Amino acid sequence: MTRPRANDTPVSTYRVQASRLEGEVHVSGAKNSVLRLLAASLLTGEQLQISNYPATLLDAQIHLDMLRALGKRCEVSGDTVIIDEASKPPSELVWPGRSIRNTLLILGALTARTGSGSVPLPGGCKLGDRKHDLHVMLLEALGAEVTETDTHLQAHAPNGLKGADIHLPIRSTGATENAIMCGTLARGVTTVWNPHIRPEILDLIAMLRSMGATINVFGQERIEIRGSEGLFGTRHRVIADNMEALTWLVGACLTKGDVEIHGFPIVDLEVPLIHLKESGACFFTGPKSVIVRGGTCYPVEISTGAYPGINSDMQPLFAVFGAMSRGESKIIDLRFPGRYLYAEEMALMGVDTRVEGNLLRIKGGNQLRGAEVTARDLRAGIALTLAGLVAEGETVIRDAWQVERGYDRFIDKMQALGGQVTPGW
Ligand SMILES: CC(=O)N[C@H]1[C@@H](OP(=O)(O)OP(=O)(O)OC[C@H]2O[C@@H](n3ccc(=O)[nH]c3=O)[C@H](O)[C@@H]2O)O[C@H](CO)[C@@H](O)[C@@H]1O
Ligand SMILES: C=C(OP(=O)(O)O)C(=O)O
């Protein structure tokens, strides 16, 4: 089946029927890695070849179109994208369409490369108060003047960026990535204190190093970047998407399925896997795959945080797991307090949910029933889709395009595993 392009009409609904997942699935390249790698392409005029590229992700397609708007040539062939440029990019990203979170990193890259940048305010999932003050702070620390309008964020550093100490008050993923990228072209040394060290950031560092950047990681303490005049082209393979891997694992467990997940990034998921195993998920780990043989869901009590803890993006998956468990599950999201919009939607499916401040309580164990629900964000959408697989009757998920922002070839993979999920436009 041909999936829609970013400029085509995105999928509007999924119709989900109860079904059991069975078979084999291959994990695609990681959304939250590849988006950062695409932004990093703006740091060089030379060619980048990115393999294991999740070509059907709506957010990756939007990102490529943003790069094209900045004068890059982007050719996708199978699971590889080749990015070239004919001339140095302009400073302004003119983009009338939906924005993505990554415009913050595009701003950093443009400012580092051209001395100024102008981008639409960041989009991405609405996760409550999602500030970008740390991105402004780090650009200012590196010598840029930053201004914000109702629609745009602009930075000017006519003499180029200058290395500095950047102290992050929280282990922000995006701010760590932006500081690293800016540091590669800043004069002198940039030190990022209190960085967030997680697999996607190590992937970005690996690619930047292969482009000639000098970056030293001192554990969770600091990252030092020695700036250079320019970076080279390179070839790089995107790491596996840990969210996708975990999604198939939870889906197989909920549906008492039997699924082999190939390319499972086991070492990146140690903590969530321990929680799931101790909560009844039945799976076996091999060198490169995980085999899930159903299991029985028991209540979970988790809080989210920085790596290696449970990523905020994962907690909606734990919530469906909790909904299937007899007893009370509790979730606290320390990264994005109150990221529980999906709970109201799950309630429509018969799940007993209650939000108390920053705590989500789920009383699970009742038979879920199909309902019309809305994917209020990406991970909310996937959680509702999995809930639909174990509900009685049909579940209709509105705004299903949210799922396709972040899951590569989702419907093809789901249907190949026997999941009865039908897209509608
Ligand atoms: C494209 C991508 O990789 N997105 C991921 C990235 O988002 P993103 O990089 O946006 O998330 P951050 O790690 O920066 O956010 C962590 C916390 O810091 C706060 N904050 C962040 C920036 C800022 O300038 N000021 C500020 O206060 C946020 O509101 C949040 O409470 O990491 C999050 C987890 O960490 C994940 O849920 C997102 O899927
Ligand atoms: C929150 C997410 O993404 P973004 O930062 O792109 O909104 C996510 O991947 O769950």
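Which of the 20 residues around ligand 1 come nearest? In this predicted model, they are Asn-32, Leu-134, Ser-172, Thr-173 and Gly-174.

I turn now to the domains. The protein is divided into domain 1, comprising 13–28 + 240–424, and domain 2, comprising 31–237. Their centres, taken over C-alpha atoms, are separated by 30 Å. To the contact, domain 1 contributes 19 residues and domain 2 contributes 15 residues. On the side of domain 1 that touches domain 2, there are seven nonpolar, four polar and eight charged residues.

The axes of helix α9, residues 315–323, and helix α11, residues 378–389, come within 8 Å and cross at roughly 25°. Because angles under 35 degrees count as roughly parallel, α9 is described as roughly parallel to α11. The crossing of these two helices, α9 and α11, is right-handed. On the α9 side, the contact is made by Pro-316, Leu-317, Ala-319, Val-320 and Ala-323. On the α11 side, Arg-379, Ala-380, Ala-383, Leu-386 and Ala-387 take part. The residues of this contact comprise nine nonpolar, no polar and one charged.

Definitions and conventions
Residues numbered from 1 in each chain as written. Chains lettered and ligands numbered in written order. Predicted model: local features only at pLDDT ≥ 70, side-chain atom pairs only at ≥ 80, totals over all residues. Axes fitted to C-alpha atoms, helices over the stretch in contact; angles between N-to-C directions. Helix = DSSP H or I, 4+ residues; strand = E, 2+ residues; numbered from the N terminus. Parallel < 35°, antiparallel > 145°, perpendicular 65-115°, else oblique. Left-handed = near helix turned anticlockwise from the far one by under 90°. Contact = placed C-beta atoms within 7 Å. Nonpolar A, V, L, I, M, F, W, Y, C, P; charged D, E, K, R; others polar. Near = placed C-beta within 6 Å. Domains from an automatic or database assignment.
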